Amino acid sequence: MKLNFIGNGSCFNTAFGNNSAYYLNKENQSLLLIDCGETVFERIMKQKLLENVKDLDILITHKHTDHIGSLSSLLFYCEYGKGIIPTVIYPDKSEMQQYLALVGNEPQAYKLINPEECEKYRIKEIKQEHSKFINAYGYILELEGKRIYYSGDTKTIQTPIIEALKKGVFDEFYQDVSRFETPAHLNIETLSNLFNKEERKKITCMHFDDEITKIKAESMGFDISKVKNNKDIER
Ligand SMILES: [Zn+2]
Ligand SMILES: [Zn+2]
């Protein structure tokens with residue numbers, strides 16, 4: 001069970017779409033969406049992803065617009081277009097409530113919980129090194145009995161997480177990468193130096209700056225996040 005991706009691009013890579021993943025349980029008609037950046041709502045609508053969904057959880061990694069930019073529209077659509085009350089999952093609840101109030105989402109139209117309060121999935125947050133101005137989180141998720149690491153945006157991978165991957169603790173491991181050395185993201189070369197060839201196969205790269213970064217990651221032996229129905233959603 002790999003997560004599906006709505007987009008796997010970085011902030012300025014609108015061609016790949018903003019990085020966003022999801023897990024759809026068709027049987028339960030439930031969808032877990034991870035992040036909802038500027039380009040995500042449009043793609044959700046084009047893919048008719050919410051068509052049979054009765055139960056929507058939205059896990060947010062941080063408040064940069066490539067991760068949260070169309071969350072407000074998605075919540076409005078759930079309220080007026082679908083008549084469902086989605087759950088927003090984020091560690092800093094009052095900050096999120098403030099943000100959503102500022103953009104006009106009514107508090108009764110969504111449920112807001114922190115990861116520990118989530119009963120449907122087991123979710124543990126990891127505070128990441130990404131921005132001086134806002135918090136950013138990665139998550140360890142348990143889905144269908146599988147343990148998944150999802151980095152969100154981060155400059156580093158914490159040592160216990162690296163060790164856990166090497167010990168085979170994770171079934172799936174999703175990591176954002178960058179083409180260049182920046183204070184906000186993990187450079188693909190640095191990531192490559194942390195892991196041997198066998199370990200790299202277990203890491204799915206995401207949040208690509210461009211095609212070159214993707215090709216580079218592939219040539220280093222990393223797994224690459226795949227955007228479903230890419231052709232269908234291109235203009
Ligand atoms: Zn980002
Ligand atoms: Zn970011």
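**Notes on helix H8 and the chain around it**

1. Helices here are DSSP runs of H or I with at least four residues, strands are runs of E with at least two, and both are numbered from the N terminus.

2. A word on the source: this is a predicted model, where local features need pLDDT of at least 70, side-chain atom pairs count only at pLDDT 80 or more, and totals for chains, interfaces and linings use all residues. Residues are numbered from 1 along each chain as its sequence is written, with chains lettered from A and ligands numbered from 1 in the order in which they are written.

3. Which residues of H8 are buried? In this helix, residues 211-219, they are Thr213, Lys214 and Ala217. Because they cover an arc of only 100° around the axis (judged by the directions from the helix axis to the C-beta atoms), they sit on the same side of H8. Buried means 20 or more other C-beta atoms within 10 Å of the residue's own, exposed 12 or fewer, and partly exposed in between, with C-beta atoms placed from the backbone.

4. The other side of H8 has Glu211, Ile212, Ile215, Glu218 and Ser219, which are exposed.

5. What do the buried residues of H8 pack against? Their partners are helix H6 (188-194), strand S11 (203-206) and strand S12 (223-224).

6. Zooming out, the chain has nine helices and 12 strands. Of its 235 residues, 42% count as buried. Its C-alpha atoms fill a box of roughly 50 × 40 × 40 Å along the principal axes.

Technical notes:
Contact = placed C-beta atoms within 7 Å.
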